[in-house]
Amino acid sequence: MGRWMKPEVYPLLAAMTFVTTMCVFQLTRNVLQNPDVRINKTRRSMAVLDNREEGEKYAEHSLRKFLRTRPPEIMPTINHFFSQDK
């Protein structure tokens, strides 16, 4: 980077970059795919949208479908190690 940045700052910079990227991703996803956000002038003129299918598609995205098949453990190896009787 340069002489003005200490090497101890690199992990903080990486974490902040990751978090900022996730925020931008979520905001972009909401603006482009959320059925409640109406950018189109024709869709804004409708008082009530009948878009149940679009809402289901937005709520049931592929990551959520994948995680439903996984066990609800963050670190299964450590969980099994500490839960086994000795």
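This report walks through a predicted model of one protein chain, from its overall build down to a few residues.

## Ground rules

Residues are numbered from 1 along the chain as its sequence is written, and side-chain values use heavy atoms, with hydrogens and water left out. Since this is a predicted model, local features need pLDDT of at least 70 and side-chain atom pairs count only at pLDDT 80 or more, while totals for chains, interfaces and linings use all residues.

## Overall build and confidence

The protein chain has 5 helices and 0 strands, giving the pattern α-α-α-α-α along the sequence. Here helices (H or I, at least four residues) and strands (E, at least two) are DSSP runs, numbered from the N terminus.

Where pLDDT is low, the predicted coordinates should not be read in detail.

## The surface

The chain exposes about 8,300 Å², with carbon and sulfur atoms supplying 63% of it; the areas come from the Shrake-Rupley method with a 1.4 Å probe, and for residues only the protein chains shown count as cover. Of the 86 residues, 8% are buried. Buried means under 20% relative accessible area, exposed means over 50%, and partly exposed is in between (1.4 Å probe, protein chains only).

## The annotated stretch

UniProt, in an unreviewed entry, places a "transmembrane region" at residues 12-32. Its positions are given in the numbering used here, feature names are shortened, and annotations may be inferred rather than shown by experiment. In the model, that span is 100% helix and 0% strand, and its end C-alpha atoms lie 30 Å apart.

## Two loop residues

Asn-34 sits in the loop between helix H1 (10-33) and helix H2 (41-45). At 17% relative accessible area, Asn-34 is buried. Leaving aside neighbours within four places in sequence, Asn-34 is in contact (heavy atoms within 4.5 Å) with Arg-29 and Tyr-58.

Glu-73 is in the loop between helix H4 (62-68) and helix H5 (76-83). Glu-73 is partly exposed, at 32%, and touches Asn-79 and His-80, not counting residues up to four places away in sequence.

## An aromatic pair

How many aromatic pairs does a search of the whole structure find? It finds 1. The rings of Phe-81 and Phe-82 have centres 5.1 Å apart and planes at 75 degrees, so the pair is edge-to-face. Rings of Phe, Tyr and Trp (its six-membered ring) pair if their centres lie within 6.5 Å; planes under 30 degrees apart count as stacked, over 60 as edge-to-face and the rest as tilted. Phe-81 is partly exposed, at 47%, whereas Phe-82 is exposed, at 64%.
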